[in-house]
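Visitor: I am new to this structure and would like a short tour. Could you take my questions in turn?

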Amino acid sequence: MEYENKLVLAPMVRVGTLPFRLLAADYDADITYAEEIIDHKIIKCERIVNDYIRSTDFVEKGTDNVVFRTCNEEKGRVVFQMGTSDAVRALKAAQLVCKDVAAVDINMGCPKSFSVSGGMGAALLTKPDLIHDILTTLRRNIDTPVTCKIRLLKSSQDTVELARRIEKTGVSALAVHGRQVADRPRDPAKWNEIADVVSALTIPVIANGDVFEYDDIQCIKVATGASSVMVARGALWNASIFSPNVKAHWEDVKKEYVRKSILWDNDVKSTKHTLKEMIMHYSCLEFPGGKAIIKSQNLVDLAKVYGDEEYYESVRANRIALDRHA
């Protein structure tokens, strides 16, 4: 996979499932990261080809719990992001999914306690030897491209030094979130410190932080020198941010997301979470539309909220017909 001059959907927990990744791709995202999945969780899964909806599912053994779902349509652009703190475990997880994805990424930037307390995410930033061990182990043992995503360290010099060590492992690209671990989303991203990393490396650097409108993409490119840009909240609020054409209305984007969730049988909790995030940015959950989302128990209920009962039934009927001919 190429990493130069790309628009990238950032990994977002409970958001970056298959329907949202395909939605972003429809609006011209070149690379789409899946939500972070912990190595312990994926290695408990078995790979199942789901003929019913034409997907490839990684299902927790002994359950119906789909931990990761993908499809052929996104094989050339989906990135599996992993949370890990152990090279052997990371390799075992990567080997399970690597044939079905375009790349494997190691999360080294998540500041959440569940990740850091397990030695994963941002906890890795202070363990350069472990970083080296994980990345070199993956590089030597799988053919799929390997990348990682980091945050800024306490000084730009420290960040550059770590980035150089990461580059020496042979990774294909490095994503840099322009905030430190202690920074909050409201704190401005430090594009100048991403620029220091870009100028120090020869591999592609993906700049991430404070891209909320299409015009911000060019701004961060100019400010950092990075040719590729990763978008998180800006894409969550309106996935059409990647499109150079006129920005779609968020209500239209929201409805298309619901349809994709129906088509790909997305987990209703994940779908509701994403919809609520969209609504809270533009409106209020206390309005009738928001309350209807909260009350919805399944995808049928969500279809009714958006007047898509007919679409839901057509998808269901098509699946039944395919199942009969199988």
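Predicted model: local features only at pLDDT ≥ 70, side-chain atom pairs only at ≥ 80, totals over all residues.

Visitor: Which residues of H8 are buried?

Guide: H8 spans residues 214-224, and its buried residues are Asp-216, Ile-217, Ile-220, Lys-221 and Thr-224. Viewed down the axis of H8, these residues fall within an arc of 140 degrees, so they line one face of the helix.

Visitor: What covers the buried residues of H8?

Guide: The cover includes strand E1 (7-9), helix H7 (191-200), strand E11 (205-208) and strand E12 (228-231).

Visitor: Let us turn to H7, then. Which of its residues are buried?

Guide: In H7, the buried residues are Trp-191, Glu-193, Ile-194, Ala-195, Val-197 and Val-198. They pack against strand E9 (146-152), helix H6 (156-168), strand E10 (173-180), E11 and H8.

Visitor: Glu-193 is a charged residue on that list. Which side chain of opposite charge is nearest to Glu-193?

Guide: That is Lys-190, at 5.5 Å. A salt bridge requires a nitrogen-to-oxygen distance within 4 Å, and Glu-193, although buried, has none.

Visitor: What does Glu-193 touch, then, away from its neighbours in sequence?

Guide: Leaving aside residues within four places in sequence, Glu-193 is in contact with Leu-152, Leu-153, Ser-155 and Ser-156.

Visitor: A change of topic: aromatic rings. How many aromatic pairs are there in the whole structure?

Guide: A search of the whole structure finds 5 aromatic pairs. One of them joins Phe-68 and Phe-80, whose rings are edge-to-face, 5.2 Å centre to centre and with 75 degrees between the planes. Phe-68 lies in strand E6 (residues 66-70) and Phe-80 in strand E7 (residues 78-83), so the pair ties together parts that are 12 residues apart in sequence.

Visitor: Which cluster do Phe-68 and Phe-80 belong to?

Guide: Ring pairs link Phe-58, Phe-68 and Phe-80 into a cluster.

Visitor: Where does a charged end sit over a ring?

Guide: The charged end of Arg-259 sits over the ring of Tyr-311, 4.4 Å from the ring centre.

Visitor: One last topic. Which residues other than glycine have a positive phi?

Guide: Among them are Asn-5, with a phi of about 55 degrees, and Arg-54, with a phi near 65 degrees.

Visitor: Where are they, and are they buried or exposed?

Guide: Asn-5 lies in the segment before E1 and is exposed, with a relative accessible area of 52%. Arg-54 is found in the loop between strand E4 (45-50) and strand E5 (55-60), and at 58% relative accessibility Arg-54 counts as exposed.

Methods. Residues numbered from 1 in each chain as written. Heavy atoms only, no water. Buried < 20%, exposed > 50% of the residue type's maximum accessible area, 1.4 Å probe, protein only. Helix = DSSP H or I, 4+ residues; strand = E, 2+ residues; numbered from the N terminus. Arc of directions from axis to C-beta. Contact = heavy atoms within 4.5 Å. Phe/Tyr/Trp six-rings, centres within 6.5 Å; stacked < 30°, edge-to-face > 60°. Lys NZ or Arg CZ within 6 Å of the ring centre and 35° of its normal.
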